[in-house]
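Please look over the sequence and the structure shown here before reading on. The briefing that follows moves from one part to the next, with the points grouped by topic.

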Amino acid sequence: LMQRLGAHDAALVIDKQRRVIWRNEALSDWLPVKPTGILTYPQLSIFLDEHPLSNNILIMLDMEQDLVERELTIGDATQRVEIQVLPLDIKDGTQIIRISDIGLSQNRETSEMLRNELLALNDITTELEWSLSSEQVIRRALLKIPSIIDMDACSIYLLDPTASTPKRLSLADHYSAPNNPHPFPPDYFEPDERLSEHVLEGGETLILNMHEEPPSCESCVRLNKQGLSSGVIVPLRARTRTLGIMETGYLEAEKPQSVSITLIESIARQIAIAIEATRLYTDQNRQREVVDALREVAGILNNAQLDDALRVMLLQLARILRYDRATVMVNAEPGKLRVRSHSGLTISPADGLIEDARIEIAKYPYLKKLFTSHIPQIVRDTSRDPLWKDNQHARGSWIGVPLVAHNQVVGCLSLTHHQAGQFTPADARTAVSKIA
């Protein structure tokens, strides 16, 4: 009998003559009844005695119904209850009448679900705290998310700071369920006005159902190409800064529950905070490397000849800046430069001694600007820049840093890289602090 009852169910057993022959303690607490006097086995109608559920139970027995739901109002409180009649022993006609508070059961299930989700969120937070790079943060998160959230795909996009379009989103990593026939999201995309305004700038959550959105919805088109019928897009925000977005998608056009959306938002916040922390950690390490390199160079300058010092400084610079070729040029005859030190250059015998070569400043617009302004010059794409002149080869990207002594430019540090967009103003500042 007890195995058929929940822990909080009220129950009573009646015999063939509808006499109450047993009741559990929960019945007295949950469904109070009046005393029945000296009757050992009172009739059910006398036992309930005008209780709000009395008519419902008696009608169920008369009509041989086995399950109904009713609203029970006692005072100002309203409960949704389920009444069930179950046979206990077919031979003697005994039956169990079970009364359950549906709302209480649902609340208990919701509480248990929230508890499990909080434990899972704590687990993923702990996992991310031990990550040392943003790539590791995202990979670990995507390994954990499918066990927490019921979804078919998840993609994480980060804003690309090097892109020519300020808000281009680049794919960092993604997860796709095995049953998804179109598992590959795009490598990058430019967000439409709705995504930019509401998610990236407004910090809002976007809930999409492909069947309800207009054809002009670019996010829907992107998700639909992945075989998804609905999705949730949340911002990755650390403090007041948006780092990117997290998209979760569903093969069916189902509307996610509010609890699931809240959990998705919480996970996205944890990912964003972890990414921001790893970036700060990386920046601190980079600054430490710069300081160490500067300290090492200062020691070399005090203990070696200038040519050796320049060569070592270029090698040290390569530790903190990515370049293909580096050249230190100093003033020779008026208006001309000569190479004092270099790294990454290939000199053929036919070219002669590089130390004998001369570079005319006036021939190169950016060298002229560097010497007149005393300001570092950056060319992000030498193949497209109209002022760039190179009589040997198109390089990609270039930095020129003036070497200044007593307010006079005495030379130039030239750095080149085969990729366009490689160098930034921060790289120019690093080069200045390192060698200029």
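Strand E12 and strand E17 run antiparallel and are joined by six bridges, two strands counting as paired if DSSP finds at least two bridges between them. Helices (H or I, at least four residues) and strands (E, at least two) are DSSP runs numbered from the N terminus. This is a predicted model, in which local features need pLDDT of at least 70 and side-chain atom pairs count only at pLDDT 80 or more, while totals for chains, interfaces and linings use all residues. Residues are numbered from 1 along each chain as its sequence is written, and side-chain values use heavy atoms, with hydrogens and water left out.

**The sheet that holds E12**

- Within E17, Gly411 is the residue that stands opposite Val330.
- On the pairing with E13, strand E12 (residues 325-331) and strand E13 (residues 336-343) also run antiparallel, and six bridges join them.
- Two of the partners in E13 can be named: Leu337 is the bridge partner of Asn331, and Ser341 is the bridge partner of Val328.
- The hairpin of E12 and E13 has four residues between the strands, and in this hairpin Gly335 takes a positive phi near 80°.
- These strands belong to an open sheet of six strands with antiparallel pairing, in the order E14-E13-E12-E17-E16-E15.
- Strand E14 (359-360) and E15 stand at the edges with a single partner strand each, so one side of each is left without a neighbour in the sheet.
- Helix H10 packs on this sheet, touching E12, E13, E14, E15, strand E16 (397-405) and strand E17 (408-417), and its direction makes about 140° with that of E17; contact here means heavy atoms within 4.5 Å, and axes are lines fitted to C-alpha atoms, for helices over the stretch in contact, with angles running from 0 to 180 degrees between N-to-C directions.
- Because six of its seven residues are buried, E12 is largely enclosed by the rest of the structure; buried means under 20% relative accessible area, exposed over 50%, and partly exposed in between, with a 1.4 Å probe and protein chains only.

**The other six-stranded sheet**

- Another open sheet of six strands, with antiparallel pairing, has the order E8-E7-E6-E11-E10-E9.
- Its edge strands are strand E8 (188-189) and strand E9 (206-209), each of which pairs on one side only.
- Helix H5 (residues 134-148) packs on this sheet and touches strand E6 (153-159), strand E7 (169-176) and E11, its direction making about 35° with that of E7.
- Strand E10 (residues 230-238) pairs with strand E11 (residues 241-250) in the antiparallel sense over nine bridges, and Gly231 has Gly249 in E11 as its bridge partner.
- Helix H6 (residues 193-201) lies across E6, E7, E8, E9, E10 and E11, and runs at about 50° to E10.

**Nonpolar cores**

- The largest nonpolar core has 26 residues, and those with the most contacts inside it are Ile145, Ile149, Ile156, Leu236, Met246, Ile267 and Ile271; such a core is a set of buried Ala, Val, Leu, Ile, Met, Phe, Trp, Tyr and Cys residues joined through side-chain atoms within 4.5 Å.
- At least two residues of this core come from each of H5, E6, E10, E11 and helix H8 (258-301), and H8 gives the most, with eight residues.
- Ile149 touches Tyr250, Leu263, Ile264 and Ile267, when residues up to four places away in sequence are not counted.
- A second, separate core of 19 residues includes Leu61, Val81, Ile83 and Ile97.

**Buried residues in helices**

- Leu314 is found in helix H9 (residues 306-320) and is buried, with a relative accessible area of 0%.
- Between Leu314 and Arg325 there are 9.7 Å in space, C-alpha to C-alpha, and the two are 11 residues apart in sequence.
- Asp427, placed in helix H11 (residues 425-435), is buried at a relative accessible area of 11%.
- Leaving aside residues up to four places away in sequence, Asp427 touches Arg286, Leu321, Ile399 and Gln422.

**Positive phi in loops**

- Arg18, in the loop between strand E1 (10-14) and strand E2 (20-23), has a positive phi of about 60° although it is not a glycine, and Arg18 is partly exposed, with a relative accessible area of 28%.
- His374, in the loop between helix H10 (365-373) and strand E15 (377-379), is a residue other than glycine with a positive phi near 60°, and His374 counts as partly exposed at 31% relative accessibility.
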